[in-house]
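Let's talk through a strand and its partners, then a few ring contacts. Have the model open while you read.

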Amino acid sequence: MKKQKADLLQGTLELVILRMLRSGSLNGWDVMQRIQMLSDEVLSVTPGALYPALHRLEERELITASWGPSDNNRRAKYYELTVAGRKQLEAERKSWELFSSAITIILRDA
Amino acid sequence: MVFLSTLKRRWRALTKKDELEQELDEELRFHLEKDTARNLESGMNAAEARYAALRTFGGFEQSKEECRDAWGVRFIQDLLQDLRFSVRMLLKSPAFAFLAVLTLTLGIGANTAIFSLLDAVVLRSLPVKDPQELLLLGKADIGGLTDSFPDDSWDLFSYPFYEELKQRNEVFQNVGGLLSMIWNVHGRVGAGSDVQKIQVQLVSGSYFPVLGISPALGRLLTDEDDKTVGDHPVAVISHAWWQRELAGEETAVGKSITIEKITYTIVGVAPKRFAGTTVGEAPDVWIPLAMEKELPPAHWNGRNQRLAQDLYLIGRLKSGVTPERAGANVNLLFKQFLQEEIGAQPSAERLQNLQKARIELTPAGRGLVGIRREFSKPLQVLMGVVGVVLLISCANIANLLLARATSRQKEFGVRLALGAGRIRLIRQLLTESLLIAGLGAIGGILLSWWGSRMLLLMASSGAESLPLDVNPNGRILLFTLGCSLVSAIIFGTVPALRATRIDLNTGLKEGKGTVQTTSQSLLAKSFVVAQVALSLLLMVAAGLFVRTLVNLQSIPTGFNQQNVTLFRIDTATTGYKREQFSPLMQDVEEKVKNVPGVQAAAFSFLIFNQGGWNSPIFTRDETPMKGDATVVRQNTVGQDYFTAMGIPVVAGRVFNRQDTTKSQPVAVVSETMAQRFFPNSEAVGRRFGTGEKEKNKIEIVGVVKDVKYYSLTENPKPMVYYPHSQDSGALQNLAVRFSGRPESVVPQIRQVIRSVNTNLPVDEVVTLADHIERSLVQQKLVARLASFFGLLALLLACIGLYGVLSYSVSQRSGEIGVRMALGATTGDVLKLILKGGMTLVLLGVVFGIAGSFALTRLAKALLFGVKPSDPLTFAAVAVILIVVAIIACYIPARRATKVDPLTALRYE
């Protein structure tokens, strides 16, 4: 079966990143793998979009970064949620659910 | 905390840029390597794996750029980069940079200088506690001593009223008083040093407490110092005087100042920024009012007289009290005070006066009016003038930038083609403008530092400059900053927008981009039209002010101004008693008259524009005049006064040696007085008195021509002269008429004065003509500055015109070549270019005249003997401007005729 791929809107990408980081710190490569894995390869995100989004979130103090060791003997930059980031994730998740359920209802009726 | 860490990160982004870049690179590379490693695992060879990883990345460098954007310091980094680039660009064309910065320095400097003065005179609050709480009783429009019964809005108040108000009012926290005049006295500082001029301000004990200021040293005056008359010879000195006379030494407190026979102890130094409460006055010393009787020259003694009104009163509002309520309370007390004065059975006139008597409360936070009355309006007009100069400067720089933009078209084309955003280019160009404006602002502040001091000298009616603080303060610097920002926006925006609107094809091609340049030069042309119009406006204003000055200067004063020199001598310093002064002055007059070349010498109480002395006189007419009509101007003079001042005698005689304290009191009156009081008969021989009961006392012995008293523009009023030989105090003006060179005669006169009494300090020597000119200081200031700026504007406009025409000639050299090849003569080409230029000039003149018609009436109050729309001025200015403009056009036009058709065509 051929899978359809969906592009992520900017705001949505950030929401997804925050969600990925909820369970602990990850580096950029891990974040990307997780998004693809968890969304069953439906959502595609390029590194070219991912990294600017990570830097924007860092600038907004929703995540913080630190350097740590990685499996290929090089250091990698790991991101984790801040308190503000956790709050933001919760708030955005709620409004997304509201939004998506509304859209679902509309589309079903149509 | 969040804020702090943001700040830390930004700071790092700015200062450790390389480190951050490296980290970014490392982060992204890590990702690439992980991808490559995975691709290798899935069986690709090394090259394929790496290529695939890069491909799926989705723009490696672009992604980096977006990350940098996310850092939030992008703006600052760009700005720094722009600034560096701007500096390089300006250094590359130093002539342009120099011209632009110089023009702007002139514009901003002039604005800052005038604004500094405007700030000091009109805008600035007193450096006291909560100045907005201070209210002045009246408007301080008049100063002096009066015993008239108040019959209108009142400015001057007696000490008894001050005391009553202070105790009984319900609206002020405290009330302070100051004498409405400053005394110029002479005194000694410490022991034995020379006498020197000291300006004394008498104040009530509550004056400093009301202002709520603290001393720089020692203490300020309190109510305790002002309790008992003559009991507290203490003084507070000004900070400036402390620095000047006592070298700012801590030991100043406790030192003494001796004025006449009284020695005052210095108890403290006023704070540095405090220079008194009246705008343009800076007393050296403050002394309690309780000492007024001891203080020369007046030795006033009105402390207990209820109608001896000579004080200004300042109150500090209680919190929550409105000025209206304060006004009601103060007026109620004032009426009660006056009611007691007129007693139980007042005359009808008194009752009527009482009805009308009132006090208007005015805000005192910006100080008492002082010289603000005279200079507020001129400074506002001058502010407008220099504002226009700045506009013209901006138009000039805009034109320079436009021309530069054309020559940089290729540079912009390349940058746009390489992907620079238009916004980014505009920002770059605006940064260049801001840099120019910034340099102009720095230059302007330096220029104004010198300029505002110049202005203070020019605005002063004496030899010393006005005591105003024009040092740059926050408000002035903010104004300068605003000026330069607005300038940068005005001259930078349009050229920047225009320069970046480039069609890449034509922009990069070698040619001259004809479409582009026509629209650019249209813009340049409108700038020139605007410049011409604005400079015409300034020149018309200058013309009107110069004509005003000339009109004022040609008013006859009634004096023969030639060969008269005035000596200001503080005769009071001798410490003589009243009856000793006249013999002393006669001695001086006679000895000075014996100096070779001197024709006459005479003391006088007042000589033109020194204030006035008005008092009623009473005649024996059956139908006596009443009220104001009986008030005449008065003066006390030496016997040779009329000869010295060149005032012609119409009838009778002037004073002579026989007029003494033992003989019949005599007076000389002015022509107007003779006509007004004795219309049907000869005035000589008639009598009058200075009191209701002594109508027979003084005999008129002569009539002289009218002279000006207060100002040049006044109408003749009745005036009477008394001889100082028949009772007078110390007079300070000595008028001397002499022929010969002043350099040799004046020192001889000084010598003679010193030989009579060593305690006769000569403060000032000035010719009568100069003394009269000084009454026009404000008009002279305006006329001079307006002329200077008018000429500057004309020069700037001509530079603009010249620049635009030169540019257009160089652009049109091909066209001109063709014309000449087709048979156009030199004259034709000359005409062509001149026509192009003069069309702009004439357009500018039309707009300028229309604008001047609308605007010059704003300055109507400053004009004399000339209408704001004076056709002669308008016409003359238009002609001058057109003639000068023709010259400015002629030079580039001449160059056009030198175009060699062959070269021009080949180049095309």
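Q: Which residue stands opposite Ile698(B) in S20(B)?
A: Strand S19 (residues 687–689) of chain B is joined to S20(B) by 2 bridges, and the two run antiparallel. Strands here are DSSP E runs of at least two residues, helices are H or I runs of at least four, and both are numbered from the N terminus; two strands pair if DSSP finds at least two bridges between them. Opposite Ile698(B) you'll find Phe688(B).

Before going on, the ground rules: this is a predicted model, where local features need pLDDT of at least 70 and side-chain atom pairs count only at pLDDT 80 or more, while totals for chains, interfaces and linings use all residues. Residues are numbered from 1 along each chain as its sequence is written, chains are lettered from A and ligands numbered from 1 in the order in which they are written, and side-chain values use heavy atoms, with hydrogens and water left out.

Q: In which sense do strand S18 (residues 666–670) of chain B and S20(B) pair?
A: Look at Ala667(B), which stands opposite Ile700(B) in S20(B). S18(B) and S20(B) share 5 bridges, and their sense is parallel.

Q: Which residue in S20(B) does Gly652(B) stand opposite?
A: Strand S17 (residues 649–652) of chain B pairs with S20(B) in the antiparallel sense, over 3 bridges. Across from Gly652(B) sits Gly702(B).

Q: How many residues of strand S20 (residues 698–704) of chain B are buried?
A: Buried means under 20% relative accessible area, exposed over 50% and partly exposed in between, with a 1.4 Å probe and protein chains only. S20(B) is largely enclosed by the rest of the structure, because the buried count among its 7 residues is 6.

Q: How many aromatic pairs does the structure hold over all chains?
A: Rings of Phe, Tyr and Trp (its six-membered ring) pair if their centres lie within 6.5 Å; planes under 30 degrees apart are stacked, over 60 edge-to-face, the rest tilted. Over all chains, the total is 25.

Q: What kind of pair do Phe157(B) and Phe334(B) make?
A: Their ring centres are 5.8 Å apart and the planes sit at 75 degrees, so this one is edge-to-face.
Phe157(B) lies in the loop between strand S1 (134–137) and helix H7 (159–168) of chain B and Phe334(B) in helix H10 (residues 323–342) of chain B, so the pair ties together parts 177 residues apart in sequence. In short: edge-to-face.

Q: Which residue lies over the face of Phe337(B)?
A: Phe337(B) belongs to a ring cluster with Phe157(B), Phe161(B) and Phe334(B). At 4.1 Å from the ring centre of Phe337(B) lies Arg306(B).

Terms used:
A charge sits over a ring if NZ of Lys or CZ of Arg is within 6 Å of the ring centre and within 35 degrees of the ring normal.
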